[in-house]
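Please take a look at the structure below.

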Amino acid sequence: MTFISYGRQLTSLAEQDPDRPAITCGEESITRSELESQANRLARDLAAGGTGEGDMVTIALPNSVDWFVAFAACWKIGATPQPVSANLPARELQAILELANPSVLIGGPAELAGGRRTLPIGYRPDPDLPDDVLPDATSPAWKAPTSGGSTGRPN
C-alpha cells in the first residue's frame with residue numbers, strides 16, 4: 001500500500017477537479033483549487049515565520065472556511081494542527097499553550113501567546129506569496145487534540 005500525505009492528497013484532488021466545491025461553511029464556499037491556493041499561501045507564510053515539520057500550531061478559530069485552510073496549511077508543511085475552541089476561557093487556552101508550546105497561535109489573543117507568533121481571526125497572508133504546489137511534507141501526527149478535562153489540565 002502506498003501512503004500519501006494529507007497535503008499531497010489535497011493537491012491531487014484540486015488537480016483532478018479544481019472547480020468542485022471543497023468546503024462550505026454557512027454562506028461561504030470555496031472550491032478545491034481555492035483551498036489549494038489559500039492553504040499553499042498560508043503554509044508559506046507559516047514557514048517564513050519559523051513553523052516547520054513537526055511543529056505544533058494551535059488553531060483557535062471559530063468554525064469557518066479559514067479553520068479548514070489553517071489545518072490544510074499545517075499539513076502542507078508537515079506541522080501538527082492543534083484545534084481548540086474559539087470560545088476557550090483565557091486561563092485554559094494559556095495552559096494549553098504552555099504545555100503544547102506551539103510555534104504559532106492562529107485566532108487566539110496575542111496577550112495569551114507568551115511571545116509566540118499570533119495570527120488574528122481573518123488573517124490573510126501576503127497575496128504576493130506563491131500559491132503553487134509545495135514540496136511534500138508529513139507531520140508526525142495529523143492533529144493534536146486536547147484533553148476532555150478530566151485531569152483538570154489539558155494534555
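The dialogue below goes from the whole chain to single residues.

Q: What kind of model is this, and how are its residues numbered?

A: This is a predicted model: local features need pLDDT of at least 70, side-chain atom pairs count only at pLDDT 80 or more, and totals for chains, interfaces and linings use all residues. Residues are numbered from 1 along each chain as its sequence is written, and side-chain values use heavy atoms, with hydrogens and water left out.

Q: How many helices and strands are there in the chain?

A: Helices (H or I, at least four residues) and strands (E, at least two) are DSSP runs, numbered from the N terminus. The chain has 4 helices and 6 strands. Along the sequence their pattern is α-β-β-α-β-α-β-α-β-β.

Q: What does the radius of gyration say about the chain?

A: The radius of gyration is taken over C-alpha atoms, and the globule rule is 2.2 Å times the number of residues to the power 0.38. For 155 residues, a compact globule would have a radius near 15 Å; the chain has 15 Å, which agrees. Along the principal axes, the C-alpha atoms fill a box of roughly 45 × 40 × 30 Å.

Q: Which share of the residues is buried?

A: Buried means under 20% relative accessible area, exposed means over 50%, and partly exposed is in between (1.4 Å probe, protein chains only). In this chain, 43% of the 155 residues are buried. Accessible areas come from the Shrake-Rupley method with a 1.4 Å probe; for residues, only the protein chains shown count as cover. The chain exposes about 8,300 Å², and carbon and sulfur atoms supply 51% of that area.

Q: What part of the contacts joins residues 24 or more positions apart?

A: Contact means heavy atoms within 4.5 Å. Of the contacts in the chain with a separation of 6 or more, 69% are between residues 24 or more positions apart.

Q: How do β3 and β4 run, parallel or antiparallel?

A: β3 and β4 run parallel, with 4 bridges between them. I59, in strand β3 (residues 56–59), has P83 in β4 as its bridge partner.

Q: Is I59 buried or exposed, and what does I59 touch?

A: I59 counts as buried because its relative accessibility is 0%. Leaving aside neighbours within four places in sequence, I59 is in contact with W67, A70, F71, C74, P81, Q82, P83, V84 and I106. I59 and F71 are 12 residues apart in sequence, and their C-alpha atoms are 8.0 Å apart.

Q: Which residues cover the two faces of β4?

A: In a regular strand the side chains alternate between the two faces of the sheet. In β4, T80 and Q82 on one side and P81 and P83 on the other are all buried, and both faces are covered. Q82 lies in this strand (residues 80–83) and has a relative accessible area of 2%. Apart from neighbours within four places in sequence, the contacts of Q82 include M56, V57, T58, I59, I96 and A100.

Q: Which residues of α4 are buried, and where do they pack?

A: In helix α4 (residues 90–100), the buried residues are L93, A95, I96, L97 and A100. They pack against β3, β4 and β5 (104–106).

Q: What stands out about the phi of N101?

A: N101 has a positive phi of about 50 degrees although it is not a glycine. N101 sits in the loop between α4 and β5 and is exposed, with a relative accessible area of 53%.

Q: Where is S139, and which residues does S139 touch?

A: S139 is in the segment after β6 (117–119) and is buried, at 14% relative accessible area. Not counting residues up to four places away in sequence, S139 touches G78, A79 and T80. S139 and I77 are 62 residues apart in sequence, but 7.7 Å apart in space, C-alpha to C-alpha.

Conventions. Two strands pair if DSSP finds at least two bridges between them.
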